[in-house]
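Hi everyone, thanks for coming.

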Amino acid sequence: MNKKLLLSVVAIPLLAGGVIYYSSLESNSSVEATLAQSTEVRVNDVSFNSDNLDSTTTSNPKTIRGELEVYPFEEGVNKADLIVKVKIIGNIGEVTEPVPKSVFNTQILSAQKDDPTLDSESISIMQQGNSEVLFNGNELFKENEEYILFLKKAVGPVAEEYPNLYWILGEESNMYKSISNNLVEKQGHVDEELKDVESNQISTLEENTSTQILIEEEFIKKIKSITNNY
């Protein structure tokens with residue numbers, strides 16, 4: 001499972017799971033200075049090319065485009081430190097410099113892959129984007145929504161500020177939103193490895209969004225077949 005796909009985006013990841021974006025926003029002058037040092041940067045298997053900057057957004061909040069590596073399903077399961085179904089409790093913080101991020105308090109409803117270092121039923125999760133800037137047009141989590149998420153343990157100063165902090169591996173490509181009883185919607189990128197657990201339900205996302213509707217029970221079984229987390 002060495003095949004990796006790149007979404008059409010622009011980004012540099014941080015150790016804490018953040019991404020540095022380039023935009024035309026004046027408040028991002030520190031980001032612009034960082035990116036001006038090179039036309040191409042590659043960190044942790046994520047590439048940035050300053051020739052692909054998207055500075056045409058005029059909406060509020062603005063949309064910024066970033067580049068994320070998308071892992072095939074089985075590889076994503078193996079790379080994740082924690083895979084859980086969570087309920088969003090609320091937004092507990094925002095970061096604007098150098099990377100726009102939001103931090104959410106969540107309640108764990110079930111675990112599909114355990115993190116042996118975690119001893120809590122609640123965790124903090126970082127999502128790219130905040131009230132001023134949306135990452136790849138992704139809406140921010142809302143209170144009481146439920147998701148299955150592939151997560152990585154956050155490190156660095158921001159992890160000291162928020163307890164049990166994780167970031168989302170592959171961002172929207174590993175966000176699975178509960179949309180009805182026993183159905184979840186993959187928020188971005190069609191994965192051929194998940195065709196066998198697809199539903200015939202029509203997507204609730206925009207027509208040009210690559211997504212899949214999955215049968216939750218079968219999807220969880222597929223995860224656990226790899227993690228042996230029965």
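Searching the whole structure turns up 2 cavities of 30 Å³ or more. A cavity here is a set of points on a 1 Å grid over the protein atoms alone where a 1.4 Å probe fits but cannot get out; its volume is the space filled by probe spheres set on those points, which are joined across faces, edges and corners.

Before going on, this is a predicted model: local features need pLDDT of at least 70 and side-chain atom pairs pLDDT 80 or more, while totals for chains, interfaces and linings use all residues. Residues are numbered from 1 along each chain as its sequence is written, and side-chain values use heavy atoms, without hydrogens and water.

The second largest cavity holds about 30 Å³ of space. Its lining residues, those with an atom within 4 Å of a point, include F150, Y176, K186 and D191.

Now, which residues touch the most other members of the largest nonpolar core? They are I148, F150, Y176, F219 and I223, out of 23 residues. Such a core joins buried Ala, Val, Leu, Ile, Met, Phe, Trp, Tyr and Cys residues through side-chain atoms within 4.5 Å, buried being under 20% relative accessible area with a 1.4 Å probe, protein chains only. Helix α4 gives this core its largest share, 3 residues. Helices are DSSP runs of H or I, at least four residues, numbered from the N terminus.

Staying with α4, its buried residues include E216, F219 and I223. After α4 comes N228, with a positive phi near 55 degrees.

Technical notes:
Buried means under 20% relative accessible area, exposed over 50%, partly exposed in between (1.4 Å probe, protein chains only). Helices (H or I, at least four residues) and strands (E, at least two) are DSSP runs, numbered from the N terminus. On a 1 Å grid over the protein atoms alone, a cavity is a set of points where a 1.4 Å probe fits but cannot get out, and a pocket is an open set with protein on both sides within 12 Å along at least five of seven lines; lining residues have an atom within 4 Å of a point.
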